[in-house]
Amino acid sequence: MGHLDGKVAVVTGAAMGMGRAVAITFAQQGAKVVAWDLGVTLDGRPMEDNPVHKVVEEIKEAGGEAIAFHGDVANMTDAENAIGTAIDTYGKLDILVCPAGFLRERMVFNMTEDEWIEIEIERKKLEEKEEEFHCTGTFIKEHGIGKLE
């Protein structure tokens, strides 16, 4: 019997790194997992094949239950669809884990000008949005819990 038997979890960034580890561990502990990933490289470039499908297959091969979801955690429609996918597929949502992010393996002193410009463009995009991260708001709204200020 796992610690998460009967629970349903949405895990962002589930294709690689911490998100992958969380998705696999939750499934090993009995959770049904919606493995959510945008399908981009560590520096944010689109990948030909989203590796989240390999994570889902690994979970299933080990006897767990999981489905893949493609989307952007910074997009309200994608966030609503991810939460809806969990509820439509498994009837509920108990856990939301959001380790998704882009990694740039650089320090300021050894970044190229192009890498710096990419970060500035992403920062400006976030500043233009009313909400920078939509998963949490969607989860709270869907469950009627908490308060967003």
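This is a predicted model: local features need pLDDT of at least 70, side-chain atom pairs count only at pLDDT 80 or more; totals for chains, interfaces and linings use all residues.
Residues are numbered from 1 along each chain as its sequence is written, and side-chain values use heavy atoms, with hydrogens and water left out.

The protein has five helices and four strands; helices (H or I, at least four residues) and strands (E, at least two) are DSSP runs, numbered from the N terminus. Along the sequence they follow the pattern β-α-β-α-β-α-β-α-α. Of the 149 residues in the protein, 36% are buried, where buried means under 20% relative accessible area, exposed over 50%, and partly exposed in between (1.4 Å probe, protein chains only). Contact means heavy atoms within 4.5 Å. Among the contacts with a separation of 6 or more, 65% join residues 24 or more positions apart.

A nonpolar core is a set of buried Ala, Val, Leu, Ile, Met, Phe, Trp, Tyr and Cys residues joined through side-chain atoms within 4.5 Å. The largest such core has 20 residues, and those touching the most other members are Val11, Ala23, Phe26, Val33 and Ile59. Two or more residues each come from β1 (8–12), α1 (17–28), β2 (32–37), α2 (52–61) and β4 (95–97). The largest share, five residues, is that of α1. Leaving out residues up to four places away in sequence, Phe26 touches Leu4, Ala9, Ala31, Val33, Ile95 and Val97. Another core, of 13 residues, lies apart from this one and includes Trp36, Phe69, Ala82 and Ile83.

Two packed helices are described by the angle between their axes and the distance between the axes. For α1 and α2, the axes come within 10 Å and cross at roughly 20°; axes are lines fitted to C-alpha atoms, for helices over the stretch in contact, and angles run from 0 to 180 degrees between N-to-C directions. The angle makes α1 roughly parallel to α2, since angles under 35 degrees count as roughly parallel, over 145 as roughly antiparallel, 65 to 115 as roughly perpendicular and the rest as oblique. Arg20, Ala23, Ile24 and Ala27 of α1 meet Val55, Glu58 and Ile59 of α2. These contact residues comprise five nonpolar, no polar and two charged. Here Ala, Val, Leu, Ile, Met, Phe, Trp, Tyr, Cys and Pro count as nonpolar, Asp, Glu, Lys and Arg as charged, and the others, Gly among them, as polar.

Gln29 sits in the loop between α1 and β2 and, at 27% relative accessibility, counts as partly exposed. Beyond four places in sequence, Gln29 touches Gly2, His3, Leu4 and Asp5. From Asp5, Gln29 is 24 residues away in sequence and 6.6 Å away in space, C-alpha to C-alpha.

Gly64 belongs to the loop between α2 and β3 (65–70). Its relative accessibility is 25%, so Gly64 counts as partly exposed.

Asp78 is part of helix α3 (residues 76–90). Setting aside neighbours within four places in sequence, Asp78 is in contact with Trp36, Phe69, Gly71 and Asp72. Asp78 and Leu38 are 40 residues apart in sequence, and their C-alpha atoms are 9.9 Å apart in space.
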